[in-house]
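Subject: Structure handover

Hello,

Here is the structure for you to look through. My notes follow below it.

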Amino acid sequence: MRRRPSGFAGTGALLRLALRRDRVMMPVWILVTALLVVSMPGSLGSVYATAAERAEAATSMNANGSLRALYGPVFGDSLGALTAWRAGVFGAVLAAVMSLIIVVRHTREEEETGRQELLSAAMVGRRAPLTAALLAALVANTGVGLLVAAGLAGQGAAGAAALALALAGTGMLFAGAAAVAAQLTESARAAKGCTAALLGAAFVLKAAGDAGTAGGASALTWASPLGWVENVRAFAGERRWVLLLFAAAVVVLVTAGYLLAGRRDLGMSFLPSRPGPAEGRLGTAGALARRLQRGTLAGWSAGFLVAGAVFGGMADGAAELVGGNDRTREIIERMGGQGGLTDAFLATMAGLFGMVAALYAVSAVLRLSGEESAQRAEPLLANAVGRLRWAGGHLAVAFAGSALMLLLAGLGLGLGHGGEMRATVAATLAQLPAVWVIGALAALLHGAAPAYAAAAWAVAGSALALGWIGPALNLPQAALNLSPFAHLPRLPGAEPVSWVPLLALTALAAALTAAGLAALRRRDMTA
């Protein structure tokens, strides 16, 4: 009689498999997240060279409700304290996104594709997959914490350790949230969406609390894990007891994940998808693609509209804050153009929306890979549906959806700023050719080398890092030009618009997409 394995049997083997599968993605996330934080003292030191300048800047920042909403309050005027203010919350967001991707990838996604059922036929315990996924997230967050602590040790060992633990704690908290979502939902996409929505709600709570109350004392700020990051007060009289909140939340969420995992069958969920009959017309491959992706597109679009309104309302306040600092003006103008500082800030935000929209484009294009690996594409293609029509439906959603999102972001910027809405819409839509190039690269990878299609995330992430961190690090223009976004006109602004790079990037996107479709037409479908 075969002996039943213990609940955690095979955890070590699954952990090694997870680390091997993520041997590229995980180090990239760790390095980008750590670099964002560790690079800040150098860039801030060049902007605020003296203690008097830093003290004046801290006072101005705390008096600006818009900047408090975005970054939180400043608790000290040292370079370390300014680093925690400027990069702490955004580093925590990156750690959270990394963690939720890792956990969902090695739990719900494995079940959805059927690979977990094959693994479970061996000596693998019921809780081993979840344990391996959480341990993989722990490895990643430990890496982030160690690099941040080592990189900021020169600003103060205690503050560096506190900030590192806060970032790692945020990552593990959202790893626990993803573990719960993976038990509740029936698809990896829904699990990621639920956890990302929780992260978005945490940011909104923190922003609302900080905008209304200085010092991080608002109840709304304390209701958000991202608010806990700032209330650790790294490099400004550390509150180490706040770290216990992270520990308690991780224990609660992980325990809930284990309890839920033990009470469902493999492949099932507590919130199953609604069965048919399907409503509306699904007579074409394009209609099916729109139906499959409409929820994701709606969520992204709403987020872009709201974020545009928030950043638009911050434009004048940000311009007033940095208007007298030549170095800060130079950084913002490198990111957003040579016009007035308010226009440069709006152009910077338009560029940021473009880079984030590229992440959506990659996600929408790689839905093709998900349909293939889940073996849903092959039965569809066995009917009177050609490969080009099937892929074209998803590509149309990716390219048209990114255009819709940038349109809404431009409308939001105009509404929030109270300025010329036509200018802000033109600024965001000018990002489309670069977004389409990155989406087209994802289509080419899927068509020509489906096993490496996930590398499109590295392309989009690199463009985001070059555009967001590169100017602050004063990287040479040759390095910044590696991103397609570096070749776009900076709008709004007084300088004349050159249509050559826009047309060239659009033509490049069309050529890459055509090459990807041609490769897809010739290759075998993956199992």
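Start with Arg21. Its relative accessibility is 27%, so Arg21 counts as partly exposed. Buried means under 20% relative accessible area, exposed over 50%, and partly exposed in between (1.4 Å probe, protein chains only).

Some ground rules. This is a predicted model: local features need pLDDT of at least 70, side-chain atom pairs count only at pLDDT 80 or more, and totals for chains, interfaces and linings use all residues. Residues are numbered from 1 along each chain as its sequence is written, and side-chain values use heavy atoms, with hydrogens and water left out.

Confidence
pLDDT is the predictor's confidence in each residue, from 0 to 100. The protein's mean pLDDT is 81, and 86% of its residues reach 70 or more. Take care with residues 335-339, where pLDDT stays under 50. Where pLDDT is low, the predicted coordinates should not be read in detail.

Salt bridges
The structure holds five salt bridges. The term means a side-chain nitrogen of Lys or Arg within 4 Å of a carboxyl oxygen of Asp or Glu.

- Arg21 pairs with Glu110 (2.9 Å, N to O). Arg21 lies in helix H1 and Glu110 in helix H7 (residues 108-113), so the pair ties together parts that are 89 residues apart in sequence. Glu110 is buried, at 4% relative accessibility.
- Lys192 pairs with Glu109 (3.7 Å, N to O). Lys192 lies in helix H11 (residues 188-212) and Glu109 in helix H7, so this pair joins parts that are 83 residues apart in sequence. Lys192 is partly exposed, at 29%.
- Lys206 pairs with Asp210, with the closest N and O atoms 3.0 Å apart. Both lie in helix H11, four residues apart, about one turn of the helix. Lys206 is buried, at 0%. Asp210 is buried too, with a relative accessible area of 0%. Salt bridges link Lys206, Asp210 and Glu230 in a network.

Helices here are DSSP runs (H or I, at least four residues), numbered from the N terminus.

The core
Which residues touch the most other members of the largest nonpolar core? They are Trp390 and Phe485, in a core of 130 residues. Helix H6 (residues 79-105) gives the largest share, 14 residues. A nonpolar core is a set of buried Ala, Val, Leu, Ile, Met, Phe, Trp, Tyr and Cys residues joined through side-chain atoms within 4.5 Å.

Beyond four places in sequence, the contacts of Trp390 include Ala285, Glu371, His446 and Met525. Contact means heavy atoms within 4.5 Å.

Best wishes

Conventions. Helix = DSSP H or I, 4+ residues; strand = E, 2+ residues; numbered from the N terminus.
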